[in-house]
Amino acid sequence: MRGAEVIAHKLAAAGCKFAFGIPGGEVLALMDGLDKAGIQFALVKHENAGGFMAEGAWHALANQGHDAPVVLLATLGPGVANAVNTVANAFQDRVPLVFLTGRVDGAEAETYTHQVFDHQAMLRPIVKASFRAEPGALNAMMDKALAVAMSGQPGPVHIDVPISVAEKEQDERLEPTRIPLPAPSIPTPAALAEVAEIIANARQPVAIAGVDAVNAHAAPEIQALCAKLQVPLITSYKGKGLIDEASENSWGGAGLSPKADEVLLPALKAADVVLLLGYDPIEMRVNWRMPWNDAAHCIDISPVLRDHAMHRITHSLVGDVKATIAALTDVLEPQRKWSSEALLTAKAKLSTLFAAEAEGWGPASVFHGLRKALPASTVATADSGAHRILVSQIWESPLPRRMLQSSALCTMACALPLGAGYKFASPTTPVVVFVGDAGLEMGLGELSTLRDQKIPVIICVLVDRSLALIELKQRNTQRPNLGVDFEETDFPAIAKAYGGHGVWVEDTQSLEREAKAALDRDTFTILACRIDRRAYDGKI
């Protein structure tokens, strides 16, 4: 068996189903090995998009009860460099991405420099681990790589594969995995009892949850805890849907909107107990540092010890997030900490802040209109920018992983491939992509990926001819308008050129009609929504 086949079969045995990327001569054996192992390869137009497609597919598979890494494939040199952004995103957003790269053999690298640089040195700061494939140790290397990718906070691992190792027959045979993932663990009964007593004596506790709770599949446990205590839950954007956001206990997502903070941060300041349920503050903006008062108890349930120093923690319960929340809930007595009136008052304030425009058209009207027009099961993705802040407050998620975005790294050009990857792995799920005009232009080549892979997502592009969030920051700091405005692109024409359907939209009636029509189309649809250049002023 060739080395590439050993690597590929180990990935398949771990549950990997999909790989994304762009091949080069140095990774042809790896791509062939993936195919022979039953791992479906999808060609993209840029390695950055390949990594985000992989993440989208991972979320879709997780929603289907399949929890396994996804694969990004890149050739040596420029292929590896192109992927740095998406690998860094996987590291910060806790995505178990296996990054396979080709490389020249060590002896050859001593006298051959074309496209050669140290992949591992470049990637080590943004991966959980980097490995170099060596003959005789492929089974051991893959066991370690897969365990590292999936354990604790999941994340990317890098495997650099020399050409000779990939292409030559190996002496070692394929072996079963030898390194098991750790069994779920919970804190001691004494630690749980101490925390339960603090919660029992609390007058006004508030809970916050995030990406670690999503990765632990802890939504049912969080719902049970919040219902037993009748406490509100705030989530990071990545944690939207851990409680149905239409329920009275949900105060929705937070982290980027100063307007939402007007309601949420005072509630945290008034809390005497803060429950952190798989909450990683890497997703939050700067004014979420130290957001509760010094007298409050802060109980942190996390898979790893927090060392960020972004906020104060009084009680750390390190272990399996899902099992720990369940164990804590079991030892708590039912208590109504908040009245329904108090919970709903806060929800009403948030709803008012992000209502549709009174004049009937604008970005908020677009987001409300599409939420109304599209099925409740629709998965939404959002690119970075002003639109992301607004849609993350408006779009209600009934379940986790129904709104995807780059939450920690906040990188542009992620929404289209995230949505494409989700739809690729879950073809019957409606998917809508929210993106600004600059973000769509940054990754236009992936429209051909939608065409070639027959992925009929709906793309809602907000056309305001500006980097709106950056322009707003320019004005707020009394700087001149510089490098943020540009001219309009004919996105419907581009959609047609790439084999899709596109239409200009400038009112909610047309928006809802075109969105419903897009659901029945077998190709992608671009809804180009024209809005004013300063349409986000006062709204985020």
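What covers the buried residues of helix α2 includes α1 (3-13), β1 (18-22), β3 (70-74), β4 (97-103), β6 (157-162) and α9 (163-167). Keep in mind that this is a predicted model.

Helix α2 itself spans residues 28-36, and its buried residues are Ala29, Leu30, Gly33 and Leu34. Seen down the axis of α2, these buried residues fall within an arc of 140 degrees, so they line one face of the helix. Just after α2 comes Gly38, with a positive phi of about 90 degrees.

Next, the sheet. There is an open sheet of six strands, in the order β9-β8-β7-β10-β11-β12, and the pairing is parallel. Which strands stand at the edges? They are β9 (250-254) and β12 (315-318). Each has a single partner strand, so one side of each is left without a neighbour in the sheet. From one strand to the next, the twist averages 15 degrees. In general, strands of a sheet pair through backbone hydrogen bonds, either parallel or antiparallel.

Let me take one pair in detail. Strand β8, residues 233-236, pairs with β9 in the parallel sense over three bridges. Ser236 has Ala254, in β9, as its bridge partner.

Two helices lie across strands of this sheet. Helix α10, residues 189-200, lies across β10 (273-277), β11 (297-302) and β12. Relative to β12, helix α10 runs at about 135 degrees. Helix α13, residues 258-270, lies across β7 (206-209), β8, β9 and β10. Its direction is at about 110 degrees to β9.

Last, a single residue, Ala355. Where is Ala355 placed? It is in the loop between α15 (340-353) and α16 (363-373). The cut-offs are under 20% for buried and over 50% for exposed.

If we leave aside neighbours within four places in sequence, Ala355 is in contact with Ala364 and His368. As for Glu488, it is 133 residues apart from Ala355 along the chain, and the C-alpha atoms of the two are separated by 27 Å.

That is what I have for today.

Key. Residues numbered from 1 in each chain as written. Predicted model: local features only at pLDDT ≥ 70, side-chain atom pairs only at ≥ 80, totals over all residues. Heavy atoms only, no water. Helix = DSSP H or I, 4+ residues; strand = E, 2+ residues; numbered from the N terminus. Contact = heavy atoms within 4.5 Å. Pairing = 2+ DSSP bridges. Axes fitted to C-alpha atoms, helices over the stretch in contact; angles between N-to-C directions. Buried < 20%, exposed > 50% of the residue type's maximum accessible area, 1.4 Å probe, protein only. Arc of directions from axis to C-beta.
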